[in-house]
Amino acid sequence: MSRKVDSVKDINDSKETWRLAVRIMDVWSVVNNKGIEHLEMIVMDSLGDRIQVLIRHDHLLKWKEVIKENMTCIINNGSVYNNDFQWKVCDHSKKIVFLGGTTMKAIELQNIPPKGYFFKDFGEILQGKCKTDRLEDTIGAVSEINHIQSNTPGKKVVVSVVLKDLK
């Protein structure tokens with residue numbers, strides 16, 4: 001008999017073994033200024049709780065071709081750390097880091113909703129009802145480009161825009 005599945009909302013650093021039944025909501029590659037790549041993703045459980053996941057460069061080859069956006073799976077034994085990412089994509093205070101002993105098994109899980117968006121209302125943003133280190137899903141149109149910081153070696157282009165609420 002397999003052990004019970006943990007809820008994403010219960011993840012903390014009090015224990016080392018976790019078993020999560022999740023859907024991979026989004027996955028992206030990050031390359032640092034030294035050219036070293038790692039993967040990041042957001043996973044969500046059946047209750048709609050989400051957590052950010054990091055796959056370090058030394059485990060990239062093992063996982064890069066296996067992980068697919070929108071797949072459902074069971075993840076075992078990732079390590080839990082404080083979510084210290086500069087830009088957070090969900091509210092969970094922790095993140096999971098895949099280690100050598102982390103396992104993942106693709107399995108069809110109908111009880112986890114398909115990929116969705118968690119839109120933040122423009123009114124809430126204008127009222128300051130949002131976290132300044134959190135990336136939010138919004139619906140709008142770029143109405144003006146304020147500033148473009150030129151691309152210098154090893155740095156990303158930074159663009160400041162004004163969004164127009166399409167509501």
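How much accessible surface does the chain have, and what percentage of it belongs to carbon and sulfur atoms? Here are some friendly notes to read beside the structure.

1. The accessible surface of the chain comes to about 10,600 Å², and carbon and sulfur atoms hold 53% of that surface. Accessible areas here come from the Shrake-Rupley method with a 1.4 Å probe, and for residues only the protein chains shown count as cover.

2. A word on the source: this is a predicted model, in which local features need pLDDT of at least 70 and side-chain atom pairs count only at pLDDT 80 or more, while totals for chains, interfaces and linings use all residues. Residues are numbered from 1 along each chain as its sequence is written, and side-chain values use heavy atoms, with hydrogens and water left out.

3. Next, the layout. The chain has two helices and nine strands (DSSP runs numbered from the N terminus: H or I of at least four residues for helices, E of at least two for strands). Starting at the N terminus, their order is β-β-β-α-β-β-β-β-α-β-β.

4. Of the 167 residues in the chain, 35% are buried (under 20% relative accessible area; exposed is over 50%, and partly exposed is in between, with a 1.4 Å probe and protein chains only). Among contacts (heavy atoms within 4.5 Å) with a separation of 6 or more, 56% are between residues 24 or more positions apart.

5. Valine 142 lies in strand 8, residues 140-149, and counts as exposed because its relative accessible area is 53%. Valine 142 and valine 162 are 20 residues apart in sequence, yet their C-alpha atoms are 5.9 Å apart in space. Beyond its neighbours within four places in sequence, valine 142 touches Val161, Val162 and Leu163.

6. Two asparagines deserve a look. Asparagine 70 is not a glycine but has a positive phi of about 80 degrees; this residue sits in the loop between helix 1 (60-63) and strand 4 (72-76). Asparagine 77 also has a positive phi, of about 65 degrees, and its place is the loop between strand 4 and strand 5 (79-82). Asparagine 70 is partly exposed at 35% relative accessibility, and asparagine 77 is partly exposed at 26%.

7. Asparagine 77 returns in the lining of the largest cavity, together with Trp18, Leu20, Ile75, Asn76, Gly78, Val80 and Ile96. By class, that lining has five nonpolar, three polar and no charged residues (Ala, Val, Leu, Ile, Met, Phe, Trp, Tyr, Cys and Pro count as nonpolar, Asp, Glu, Lys and Arg as charged, and the others, Gly among them, as polar).

Conventions. 1 Å grid on protein atoms, 1.4 Å probe; cavity = no way out; pocket = protein on both sides within 12 Å on 5 of 7 lines; lining within 4 Å.
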